[in-house]
Amino acid sequence: MSSVFYGVADLEITKQEPWYVNKIGGCPVWIDDPTSFQSCCDLCGNHQALVVQLCSPVDESENYRCLYVFSCVNENCWRKQSGWSVYRMQKSTQETSKKASSKDEMKSSCCDFEQFETCWDSDDSDQTESKIDDKVVDVEPKLEEKLSEMALNDTKKARKFAQHVNLMISSDATPPQFPSFYLNVNDEEVFKVVDETEHVKKLMEVYKNEEQSQLTSGSKNSVGSNEGYEKNEVEDKTLKEFTKSIRLCPGQIIRYSYYGSPLALSSADVVVSKGFLPPKCYNCGSESVFEFQLMPALLPYLKEEMVASIEYGSVVILTCGNNCWISDNEEHEVHREHVVLLDEPDLKFFKNNN
(Lines give C-alpha, C1' and ligand atoms only; values in the text may rest on other atoms or scores of the structure.)
Protein backbone atom coordinates (compact mmCIF):
# COMPACT_ATOMS: atom_id res chain seq x y z
CA MET A 1 0.00 0.00 0.00
CA SER A 2 1.36 3.43 -0.96
CA SER A 3 2.18 5.92 1.77
CA VAL A 4 -0.04 8.98 2.05
CA PHE A 5 1.22 12.49 2.77
CA TYR A 6 -0.74 15.67 3.47
CA GLY A 7 0.38 19.15 2.45
CA VAL A 8 -0.84 22.10 4.55
CA ALA A 9 -0.33 25.84 4.14
CA ASP A 10 2.07 27.72 6.39
CA LEU A 11 3.40 31.29 6.51
CA GLU A 12 3.27 33.64 3.56
CA ILE A 13 6.41 33.73 1.42
CA THR A 14 7.99 37.19 1.22
CA LYS A 15 11.34 36.38 -0.43
CA GLN A 16 12.75 34.35 -3.29
CA GLU A 17 13.20 30.72 -2.28
CA PRO A 18 15.11 27.90 -4.03
CA TRP A 19 13.34 25.40 -6.27
CA TYR A 20 13.12 22.65 -3.64
CA VAL A 21 10.87 24.70 -1.33
CA ASN A 22 7.26 23.46 -1.57
CA LYS A 23 4.84 26.31 -1.99
CA ILE A 24 1.48 27.65 -3.08
CA GLY A 25 1.31 30.39 -5.73
CA GLY A 26 3.97 32.96 -6.51
CA CYS A 27 6.36 32.54 -9.44
CA PRO A 28 7.64 29.13 -10.54
CA VAL A 29 11.27 28.45 -9.60
CA TRP A 30 12.73 26.01 -12.10
CA ILE A 31 15.45 23.57 -11.06
CA ASP A 32 18.85 25.25 -11.30
CA ASP A 33 17.63 27.07 -14.41
CA PRO A 34 18.46 30.78 -14.77
CA THR A 35 15.96 31.11 -17.62
CA SER A 36 12.46 32.00 -16.51
CA PHE A 37 9.72 30.07 -18.29
CA GLN A 38 5.99 30.62 -17.99
CA SER A 39 3.18 28.18 -18.69
CA CYS A 40 0.56 29.14 -21.28
CA CYS A 41 -3.08 28.11 -21.44
CA ASP A 42 -3.96 25.65 -24.20
CA LEU A 43 -7.37 27.29 -24.63
CA CYS A 44 -6.77 31.05 -24.64
CA GLY A 45 -2.99 31.25 -24.97
CA ASN A 46 -2.57 33.58 -21.99
CA HIS A 47 -0.09 33.05 -19.17
CA GLN A 48 -1.25 30.68 -16.46
CA ALA A 49 -0.75 31.21 -12.74
CA LEU A 50 1.29 28.81 -10.63
CA VAL A 51 -1.00 26.92 -8.24
CA VAL A 52 1.50 24.70 -6.41
CA GLN A 53 5.17 23.75 -6.72
CA LEU A 54 6.16 20.44 -5.16
CA CYS A 55 9.62 18.90 -4.79
CA SER A 56 8.91 15.18 -5.18
CA PRO A 57 11.74 12.66 -5.64
CA VAL A 58 10.25 9.24 -6.37
CA ASP A 59 13.14 6.82 -6.77
CA GLU A 60 16.23 5.78 -4.84
CA SER A 61 18.50 8.04 -6.88
CA GLU A 62 19.40 11.57 -5.85
CA ASN A 63 18.16 13.09 -9.11
CA TYR A 64 16.33 16.38 -8.77
CA ARG A 65 12.59 16.28 -9.50
CA CYS A 66 9.91 18.93 -9.10
CA LEU A 67 6.26 19.22 -10.14
CA TYR A 68 4.55 22.47 -11.15
CA VAL A 69 0.76 22.85 -11.41
CA PHE A 70 -0.65 25.83 -13.32
CA SER A 71 -4.15 27.15 -13.96
CA CYS A 72 -5.52 29.78 -16.27
CA VAL A 73 -7.22 32.62 -14.37
CA ASN A 74 -9.85 33.01 -17.09
CA GLU A 75 -13.08 31.49 -15.77
CA ASN A 76 -13.95 30.09 -19.19
CA CYS A 77 -10.68 28.14 -19.02
CA TRP A 78 -10.20 27.01 -15.40
CA ARG A 79 -13.65 25.41 -15.44
CA LYS A 80 -12.29 23.07 -18.13
CA GLN A 81 -9.57 20.45 -17.83
CA SER A 82 -7.60 22.00 -20.69
CA GLY A 83 -7.27 25.20 -18.69
CA TRP A 84 -4.88 23.40 -16.30
CA SER A 85 -1.31 22.24 -16.85
CA VAL A 86 1.22 20.22 -14.88
CA TYR A 87 4.93 19.87 -15.62
CA ARG A 88 7.57 17.51 -14.28
CA MET A 89 11.05 18.98 -14.31
CA GLN A 90 14.03 16.81 -13.45
CA LYS A 91 17.78 17.01 -13.57
CA SER A 92 20.40 14.31 -13.21
CA THR A 93 22.77 14.89 -10.31
CA GLN A 94 25.42 13.19 -12.44
CA GLU A 95 25.74 16.40 -14.45
CA THR A 96 27.98 18.08 -11.86
CA SER A 97 30.54 15.29 -11.87
CA LYS A 98 30.35 15.10 -15.67
CA LYS A 99 31.06 18.82 -16.00
CA ALA A 100 34.06 18.54 -13.68
CA SER A 101 35.33 15.65 -15.77
CA SER A 102 34.80 17.63 -18.97
CA LYS A 103 36.86 20.51 -17.62
CA ASP A 104 39.73 18.16 -16.79
CA GLU A 105 39.57 16.68 -20.27
CA MET A 106 39.52 20.16 -21.76
CA LYS A 107 42.68 21.13 -19.91
CA SER A 108 44.55 18.01 -20.94
CA SER A 109 43.49 18.34 -24.58
CA CYS A 110 44.34 22.02 -24.80
CA CYS A 111 47.79 22.05 -23.21
CA ASP A 112 50.54 19.75 -22.06
CA PHE A 113 51.82 21.18 -18.78
CA GLU A 114 54.89 18.90 -18.81
CA GLN A 115 56.07 20.63 -21.96
CA PHE A 116 55.74 23.97 -20.19
CA GLU A 117 57.90 22.66 -17.36
CA THR A 118 60.53 21.58 -19.86
CA CYS A 119 60.58 25.07 -21.30
CA TRP A 120 61.27 26.61 -17.88
CA ASP A 121 64.40 24.37 -17.57
CA SER A 122 66.03 25.86 -20.69
CA ASP A 123 69.04 28.13 -20.33
CA ASP A 124 67.92 30.31 -23.20
CA SER A 125 65.32 32.62 -21.68
CA ASP A 126 64.39 34.17 -25.04
CA GLN A 127 63.73 30.78 -26.56
CA THR A 128 61.77 29.81 -23.47
CA GLU A 129 59.53 32.87 -23.67
CA SER A 130 59.07 32.31 -27.38
CA LYS A 131 58.02 28.69 -26.84
CA ILE A 132 55.59 29.67 -24.08
CA ASP A 133 54.07 32.42 -26.24
CA ASP A 134 53.60 29.92 -29.07
CA LYS A 135 51.92 27.47 -26.70
CA VAL A 136 49.59 30.14 -25.34
CA VAL A 137 48.65 31.21 -28.87
CA ASP A 138 47.85 27.57 -29.72
CA VAL A 139 45.83 27.06 -26.53
CA GLU A 140 43.60 30.14 -26.66
CA PRO A 141 41.53 29.19 -29.74
CA LYS A 142 41.00 25.66 -28.41
CA LEU A 143 40.05 26.94 -24.99
CA GLU A 144 37.52 29.39 -26.41
CA GLU A 145 36.08 26.65 -28.61
CA LYS A 146 35.69 24.29 -25.65
CA LEU A 147 34.08 26.94 -23.45
CA SER A 148 31.63 27.89 -26.20
CA GLU A 149 30.73 24.24 -26.69
CA MET A 150 30.11 23.75 -22.97
CA ALA A 151 27.95 26.89 -22.78
CA LEU A 152 25.90 25.73 -25.78
CA ASN A 153 25.37 22.30 -24.25
CA ASP A 154 24.24 23.87 -20.96
CA THR A 155 21.73 26.05 -22.82
CA LYS A 156 20.36 23.02 -24.66
CA LYS A 157 20.01 21.09 -21.43
CA ALA A 158 18.18 23.98 -19.75
CA ARG A 159 15.64 23.91 -22.58
CA LYS A 160 15.22 20.18 -23.12
CA PHE A 161 11.44 19.90 -23.44
CA ALA A 162 9.37 16.79 -24.05
CA GLN A 163 6.30 16.75 -26.29
CA HIS A 164 3.19 18.86 -25.63
CA VAL A 165 5.06 21.33 -23.41
CA ASN A 166 3.43 24.76 -23.67
CA LEU A 167 6.07 26.96 -22.04
CA MET A 168 7.60 30.19 -23.21
CA ILE A 169 10.31 32.52 -21.96
CA SER A 170 8.72 35.10 -19.70
CA SER A 171 8.14 38.43 -21.41
CA ASP A 172 8.14 41.88 -19.85
CA ALA A 173 4.47 41.39 -19.05
CA THR A 174 3.87 40.24 -15.48
CA PRO A 175 2.10 36.87 -15.44
CA PRO A 176 -0.84 36.41 -13.05
CA GLN A 177 0.11 35.29 -9.56
CA PHE A 178 -1.69 33.90 -6.57
CA PRO A 179 -0.43 34.86 -3.09
CA SER A 180 2.48 32.62 -2.13
CA PHE A 181 2.62 30.45 1.02
CA TYR A 182 4.96 27.77 2.27
CA LEU A 183 3.61 24.25 1.95
CA ASN A 184 4.48 21.77 4.68
CA VAL A 185 4.20 18.08 3.80
CA ASN A 186 3.86 15.43 6.52
CA ASP A 187 3.18 11.72 6.66
CA GLU A 188 -0.44 10.78 7.26
CA GLU A 189 0.63 8.85 10.36
CA VAL A 190 1.53 12.03 12.24
CA PHE A 191 -2.05 13.24 12.15
CA LYS A 192 -4.48 12.11 14.81
CA VAL A 193 -8.11 11.50 14.02
CA VAL A 194 -10.12 14.57 14.93
CA ASP A 195 -13.82 15.03 15.50
CA GLU A 196 -15.91 15.78 12.46
CA THR A 197 -16.51 19.44 11.85
CA GLU A 198 -20.07 20.70 12.00
CA HIS A 199 -20.00 21.13 8.24
CA VAL A 200 -19.00 17.53 7.60
CA LYS A 201 -21.61 16.30 10.08
CA LYS A 202 -24.23 18.34 8.27
CA LEU A 203 -23.14 16.91 4.94
CA MET A 204 -23.33 13.34 6.20
CA GLU A 205 -26.77 14.03 7.64
CA VAL A 206 -27.99 15.26 4.26
CA TYR A 207 -26.75 12.12 2.54
CA LYS A 208 -28.29 9.88 5.20
CA ASN A 209 -31.61 11.65 4.73
CA GLU A 210 -31.38 11.10 0.99
CA GLU A 211 -30.66 7.44 1.58
CA GLN A 212 -33.67 7.15 3.88
CA SER A 213 -35.78 8.92 1.29
CA GLN A 214 -34.76 6.34 -1.31
CA LEU A 215 -35.75 3.53 1.02
CA THR A 216 -39.20 4.88 1.82
CA SER A 217 -40.21 6.19 -1.60
CA GLY A 218 -41.86 4.11 -4.31
CA SER A 219 -42.75 0.46 -4.27
CA LYS A 220 -40.58 -1.79 -2.13
CA ASN A 221 -40.67 -4.39 -4.88
CA SER A 222 -39.70 -1.93 -7.60
CA VAL A 223 -36.48 -2.73 -9.44
CA GLY A 224 -35.87 0.98 -9.93
CA SER A 225 -36.12 1.52 -6.20
CA ASN A 226 -33.49 -1.14 -5.51
CA GLU A 227 -31.16 0.34 -8.11
CA GLY A 228 -31.56 3.77 -6.53
CA TYR A 229 -30.66 2.37 -3.14
CA GLU A 230 -27.56 0.60 -4.45
CA LYS A 231 -26.40 3.74 -6.23
CA ASN A 232 -26.94 5.84 -3.13
CA GLU A 233 -25.04 3.28 -1.05
CA VAL A 234 -22.03 3.59 -3.38
CA GLU A 235 -22.25 7.38 -3.27
CA ASP A 236 -22.29 7.29 0.52
CA LYS A 237 -19.24 5.01 0.64
CA THR A 238 -17.31 7.25 -1.78
CA LEU A 239 -18.13 10.32 0.26
CA LYS A 240 -17.17 8.61 3.51
CA GLU A 241 -13.70 7.84 2.17
CA PHE A 242 -13.27 11.48 1.20
CA THR A 243 -14.50 12.87 4.52
CA LYS A 244 -12.38 10.34 6.40
CA SER A 245 -9.30 11.89 4.80
CA ILE A 246 -10.58 15.37 5.64
CA ARG A 247 -11.09 14.40 9.29
CA LEU A 248 -7.48 13.27 9.61
CA CYS A 249 -6.22 16.64 8.39
CA PRO A 250 -8.97 19.24 7.81
CA GLY A 251 -6.52 21.81 6.42
CA GLN A 252 -4.94 19.53 3.84
CA ILE A 253 -4.32 21.27 0.54
CA ILE A 254 -2.54 18.37 -1.11
CA ARG A 255 -3.07 14.65 -0.68
CA TYR A 256 0.02 12.86 -2.00
CA SER A 257 0.27 9.10 -2.60
CA TYR A 258 2.54 8.11 -5.49
CA TYR A 259 1.15 4.94 -7.12
CA GLY A 260 -1.79 5.20 -4.73
CA SER A 261 -5.45 5.93 -5.48
CA PRO A 262 -7.26 9.28 -5.69
CA LEU A 263 -10.28 10.14 -3.59
CA ALA A 264 -13.48 11.56 -5.04
CA LEU A 265 -16.68 13.11 -3.74
CA SER A 266 -18.86 11.07 -6.04
CA SER A 267 -18.74 7.59 -7.52
CA ALA A 268 -19.52 9.27 -10.85
CA ASP A 269 -16.10 10.94 -10.92
CA VAL A 270 -14.09 9.43 -13.76
CA VAL A 271 -10.94 8.58 -11.77
CA VAL A 272 -12.84 6.22 -9.45
CA SER A 273 -15.06 4.63 -12.08
CA LYS A 274 -14.41 1.00 -12.99
CA GLY A 275 -13.88 1.78 -16.67
CA PHE A 276 -11.27 4.50 -16.12
CA LEU A 277 -8.15 4.03 -18.23
CA PRO A 278 -5.19 6.18 -17.12
CA PRO A 279 -3.79 8.28 -19.98
CA LYS A 280 -0.45 7.38 -21.55
CA CYS A 281 2.74 9.32 -20.90
CA TYR A 282 3.28 11.94 -23.60
CA ASN A 283 6.95 10.97 -23.89
CA CYS A 284 7.37 7.21 -23.45
CA GLY A 285 3.79 5.94 -23.85
CA SER A 286 3.69 4.07 -20.55
CA GLU A 287 0.66 4.25 -18.27
CA SER A 288 0.32 7.26 -16.00
CA VAL A 289 -0.23 6.74 -12.28
CA PHE A 290 -1.78 8.78 -9.52
CA GLU A 291 0.70 11.02 -7.70
CA PHE A 292 -1.33 13.63 -5.83
CA GLN A 293 -4.50 15.68 -5.83
CA LEU A 294 -5.41 19.24 -4.92
CA MET A 295 -8.03 19.30 -2.19
CA PRO A 296 -10.86 21.86 -1.69
CA ALA A 297 -9.03 23.50 1.25
CA LEU A 298 -6.70 25.10 -1.31
CA LEU A 299 -9.49 27.18 -2.85
CA PRO A 300 -9.33 30.16 -0.43
CA TYR A 301 -5.69 30.68 -1.41
CA LEU A 302 -6.39 30.87 -5.15
CA LYS A 303 -7.44 34.48 -5.33
CA GLU A 304 -6.25 37.16 -7.70
CA GLU A 305 -7.43 40.74 -8.09
CA MET A 306 -10.00 41.35 -10.82
CA VAL A 307 -10.40 37.59 -11.36
CA ALA A 308 -13.23 35.30 -10.27
CA SER A 309 -12.20 32.84 -7.55
CA ILE A 310 -11.25 29.42 -8.91
CA GLU A 311 -13.53 26.53 -7.96
CA TYR A 312 -13.25 22.76 -8.35
CA GLY A 313 -14.14 19.50 -6.65
CA SER A 314 -10.58 18.17 -6.78
CA VAL A 315 -7.68 18.30 -9.23
CA VAL A 316 -6.00 14.93 -9.77
CA ILE A 317 -2.41 14.81 -11.02
CA LEU A 318 -1.26 11.73 -12.94
CA THR A 319 2.42 11.31 -13.85
CA CYS A 320 4.48 8.83 -15.86
CA GLY A 321 4.66 5.49 -14.06
CA ASN A 322 8.25 5.06 -15.26
CA ASN A 323 9.29 8.62 -14.38
CA CYS A 324 10.84 8.59 -17.85
CA TRP A 325 13.68 10.63 -19.28
CA ILE A 326 14.18 11.88 -22.81
CA SER A 327 17.90 11.14 -22.92
CA ASP A 328 18.71 8.42 -20.38
CA ASN A 329 19.29 10.64 -17.35
CA GLU A 330 21.73 12.89 -19.19
CA GLU A 331 19.60 15.97 -19.61
CA HIS A 332 17.92 18.75 -17.71
CA GLU A 333 14.35 18.04 -18.78
CA VAL A 334 10.76 19.27 -18.67
CA HIS A 335 7.87 16.85 -19.23
CA ARG A 336 4.17 17.50 -19.42
CA GLU A 337 1.93 15.31 -17.28
CA HIS A 338 -1.83 14.79 -17.03
CA VAL A 339 -4.53 16.64 -15.10
CA VAL A 340 -7.98 15.25 -14.35
CA LEU A 341 -10.39 17.95 -13.19
CA LEU A 342 -13.20 16.66 -10.99
CA ASP A 343 -16.45 18.59 -11.10
CA GLU A 344 -17.13 21.17 -8.45
CA PRO A 345 -19.51 19.73 -5.84
CA ASP A 346 -22.40 21.60 -4.26
CA LEU A 347 -20.50 21.46 -0.97
CA LYS A 348 -19.53 25.06 -0.33
CA PHE A 349 -18.52 24.29 3.26
CA PHE A 350 -15.04 23.26 2.10
CA LYS A 351 -14.30 26.81 1.01
CA ASN A 352 -15.53 28.21 4.31
CA ASN A 353 -13.67 25.73 6.49
CA ASN A 354 -10.49 27.87 6.63
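**Briefing: core and salt bridges of a predicted chain**

R88 lies in strand 6. The model is a predicted one: local features need pLDDT of at least 70, side-chain atom pairs count only at pLDDT 80 or more, and totals for chains, interfaces and linings use all residues. Residue numbers run from 1 along each chain as its sequence is written, and side-chain values use heavy atoms, with hydrogens and water left out. The chain has 7 helices and 13 strands. Helices (H or I, at least four residues) and strands (E, at least two) are DSSP runs, numbered from the N terminus.

**Overall make-up**

- Of the 354 residues in the chain, 43% are buried. Buried means under 20% relative accessible area, exposed means over 50%, and partly exposed is in between (1.4 Å probe, protein chains only).
- Among contacts with a separation of 6 or more, 76% join residues 24 or more positions apart. A contact means heavy atoms within 4.5 Å.
- The chain exposes about 19400 Å², and carbon and sulfur atoms supply 48% of that area. Accessible areas come from the Shrake-Rupley method with a 1.4 Å probe; for residues, only the protein chains shown count as cover.

**Nonpolar cores**

- The largest nonpolar core has 31 residues. Such a core is a set of buried Ala, Val, Leu, Ile, Met, Phe, Trp, Tyr and Cys residues joined through side-chain atoms within 4.5 Å.
- W84, F292, L294 and Y312 have the most contacts inside this core.
- At least two core residues come from each of strand 4 (49–55), strand 5 (64–71), strand 6 (84–91), strand 9 (181–187), strand 10 (252–256), strand 11 (288–294), strand 12 (314–320) and strand 13 (332–342).
- Strand 4 gives the largest share, 4 residues.
- Another core, of 14 residues, lies apart from it and includes W19, F70, M89 and V165.
- In soluble globular proteins, nonpolar side chains tend to be buried together.

**Salt bridges**

- The whole structure holds 4 salt bridges. A salt bridge is a side-chain nitrogen of Lys or Arg within 4 Å of a carboxyl oxygen of Asp or Glu.
- R65 pairs with E291 in one of them, with the closest N and O atoms 2.9 Å apart. R65 is in strand 5 and E291 in strand 11, so the bridge ties together parts that are 226 residues apart in sequence. Both residues, R65 and E291, are buried.
- E337 forms a salt bridge with R88, the closest N and O atoms being 2.5 Å apart. This pair links distant parts of the chain, since E337 is in strand 13 and R88 in strand 6, 249 residues apart. Both E337 and R88 are buried.
- E75 bridges to R79, with 3.0 Å between the closest N and O atoms. E75 counts as partly exposed because its relative accessibility is 33%. R79 is also partly exposed, at 45%.

**Around R88 and T319**

- R88 has 0% relative accessibility. Beyond four places in sequence, its contacts include R65, C66, L67, C320 and E337.
- T319 lies in strand 12. Its relative accessibility is 0%, so T319 counts as buried.
- The side chain of T319 makes a polar contact with the side chain of E291 (2.6 Å). A polar contact is a pair of N or O atoms within 3.5 Å; within protein, one must be able to donate a hydrogen and the other to accept it, and residues adjacent in sequence count only if both atoms are side-chain atoms.
- T319 and E291 are 28 residues apart in sequence, yet 6.4 Å apart in space, C-alpha to C-alpha.
- Not counting residues up to four places away, T319 also touches R65 and E337, among others.
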